[in-house]
Amino acid sequence: MIDKALRSAAERRQTLMLRISPYEAGDEKDVPGWYREMTGNEAPLKSKKWRVDPEDPRFIQYSEA
């Protein structure tokens with residue numbers, strides 16, 4: 001699926017941005033409990049699709065590890 005999307009974008013002289021999330025929709029598929037406890041309730045985010053702030057330094061630190 002990703003290869004097809006890359007080919008389609010290249011054919012149209014476009015770029016493609018891919019975002020991989022460490023979680024899925026639904027409370028049972030949230031980020032790990034220890035991370036949710038550490039961050040607590042977060043302020044409203046730019047997109048309702050985001051469950052955590054991807055620019056939070058803690059998120060960057062732990063997702064890179």
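In what order do the elements of the protein chain run from the N terminus on? They run α-α-α, and the secondary structure comes to three helices and zero strands. Welcome to a predicted model, in which local features need pLDDT of at least 70, side-chain atom pairs count only at pLDDT 80 or more, and totals for chains, interfaces and linings use all residues. Residues are numbered from 1 along each chain as its sequence is written, and side-chain values use heavy atoms, with hydrogens and water left out.

**The chain as a whole**

- Helices (H or I, at least four residues) and strands (E, at least two) are DSSP runs, numbered from the N terminus.
- Of the 65 residues in the protein chain, 14% count as buried; buried means under 20% relative accessible area, exposed over 50%, and partly exposed in between (1.4 Å probe, protein chains only).
- The accessible surface of the protein chain is about 5,900 Å², and 53% of that belongs to carbon and sulfur atoms. Accessible areas come from the Shrake-Rupley method with a 1.4 Å probe, and for residues only the protein chains shown count as cover.
- Take the contacts (heavy atoms within 4.5 Å) between residues at least 6 apart in sequence: 33% of them join residues at least 24 apart.

**Helix H1 and what follows**

- Helix H1 covers residues 2-11, and the number buried among its 10 residues is one, so H1 lies largely in the open.
- Just after H1 comes Arg 13, with a positive phi of about 55 degrees.

**Aromatic residues**

- Searching the whole structure turns up three aromatic pairs. Rings of Phe, Tyr and Trp (its six-membered ring) pair if their centres lie within 6.5 Å; planes under 30 degrees apart count as stacked, over 60 as edge-to-face and the rest as tilted.
- One of the pairs joins Trp 34 and Tyr 35 edge-to-face, at 6.0 Å centre to centre with 85 degrees between the planes. Trp 34 is partly exposed at 49% relative accessibility, whereas Tyr 35 is buried at 5%.
- Trp 34 also pairs edge-to-face with Tyr 62, at 5.2 Å centre to centre and 70 degrees between the planes. Because Trp 34 sits in helix H2 (residues 33-39) and Tyr 62 in helix H3 (residues 57-64), this pair ties together parts that are 28 residues apart in sequence.
- Tyr 62 is partly exposed, at 36% relative accessible area.
- Trp 34, Tyr 35, Phe 59 and Tyr 62 belong to one aromatic cluster.
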